[in-house]
Amino acid sequence: MLVKEIIPLLDAELIYGSDDIDIREIHSGCGSDMMSDVLAFVKDQPVLLTGLCNPQVIRTAEMMDIMCLVFVRGKRPDEKMIELARERNICLLATPHTMFTACGLLYKAGLVGGA
Amino acid sequence: MEDTIKLEYIVSAEDFTRAGEASSDLKNILKQMGVSPDTVRKVSIAMYEGEINMVIHANGGVITVFVTPKEVTMILKDSGPGIPDIDKAMQAGYSTAPDNIRSLGFGAGMGLPNMKKYSDDMKIETELGVGTTVTMTVRIC
């Protein structure tokens, strides 16, 4: 699945997108608010959906080579987080859907779990 | 050894939002050195969890990193309270982190288990009231 395909599926807003979202490929999905769980289990070029909204989300994504983050329930990253994401070329999306619904929509569209 | 690179990071516990800066810097350096992505990821995760631990539990500390063509060694030294029961601390899910840390996305009791999982060798020396030194080695492959 491409990052640009996730946007309409989740009624998401692209908060930061590099110019390669048309070709940036996502192989799996992960939904968690606990960054240590993400660090323990995630692999294979995933999108991370989270209700946590602080700079450690961006850093966790950086360490795991996660190239796309989705903030659920309408949460929005602040300027500092957007800057961190820009420096690391990580796409940021915001969706009004809850975690459960957002994960379900992507799963239904064919994205699998990464762990 | 002339092929050894030494790096040193001071980890401050004053600002949680800055936790991870040392790991981020090390990751970039290893990438620039052409170390394989899998190895870079293992080092980054192990170091990041260790760095977070220092911030949460030990009021910061110093991380010294040695990079040779064969391996990356990270020595995380703090002057924190020490670990009373290492076996318990190594259990996945066991945590002594305060609730405010959980609201920041950590404190799931996965820190030390993750550090062990992603390093090829890990050694913990700890003394109550004196501090803890964790030495992790990741082989470069």
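I began with helix α5 (residues 111-118) of chain B, which is mostly covered, six of its eight residues being buried. I took helices (H or I, at least four residues) and strands (E, at least two) as DSSP runs, numbered from the N terminus. Buried means under 20% relative accessible area, exposed over 50%, and partly exposed in between, with a 1.4 Å probe and protein chains only.

I note that this is a predicted model, in which local features need pLDDT of at least 70 and side-chain atom pairs count only at pLDDT 80 or more, while totals for chains, interfaces and linings use all residues. Residues are numbered from 1 along each chain as its sequence is written, chains are lettered from A and ligands numbered from 1 in the order in which they are written, and side-chain values use heavy atoms, with hydrogens and water left out.

**Entry: α5 of chain B**

I listed the buried residues of α5(B) as B:G111, B:L112, B:P113, B:N114, B:M115 and B:Y118.

**Entry: chain B as a whole**

I counted five helices and five strands in chain B, in the sequence order β-α-α-β-β-α-α-α-β-β. The radius of gyration, taken over C-alpha atoms, is 14 Å for chain B; this agrees with a compact globule of 141 residues, because such a globule would have a value near 14 Å. The rule applied is 2.2 Å times the number of residues to the power 0.38. Along the principal axes, the C-alpha atoms of chain B fill a box of roughly 40 × 30 × 25 Å.

Of the 141 residues, 50% count as buried. Among contacts in chain B with a separation of 6 or more, 62% join residues 24 or more positions apart. Chain B exposes about 7,100 Å², and carbon and sulfur atoms supply 50% of that area; the areas come from the Shrake-Rupley method with a 1.4 Å probe.

I also looked up the charges: chain B has 14 positive and 19 negative side chains, with the centres of the two sets 6 Å apart. Lys and Arg count as positive and Asp and Glu as negative, without His and the chain ends; each charge is placed at NZ of Lys, CZ of Arg, CG of Asp or CD of Glu.

**Entry: the contact of chains A and B**

How many residues does the contact take from each chain? I recorded 27 from chain B and 20 from chain A. B:T17, B:K27 and B:Y48 supply 26% of the area that chain B buries against chain A, more than any other three residues. The area buried between the two chains is about 1,900 Å², of which carbon and sulfur atoms give 51%. Buried area is the accessible area (1.4 Å probe) that two parts lose on being put together, summed over both.

**Entry: loop residues of chain A**

Most residues other than glycine have a negative phi. I found a positive phi near 60° at A:D65, in the loop between α3 (55-64) and β4 (68-71) of chain A. A:D65 has 24% relative accessibility and therefore counts as partly exposed.

A:R73 has a positive phi near 55° and lies in the loop between β4 and α4 (79-88) of chain A. Its relative accessibility is 44%, so A:R73 counts as partly exposed.

A:Q45 lies in the loop between α2 and β3 (46-50) of chain A. Leaving aside neighbours within four places in sequence, A:Q45 is in contact with A:E25, A:I26, A:H27 and A:S28.

Definitions and conventions. Contact means heavy atoms within 4.5 Å.
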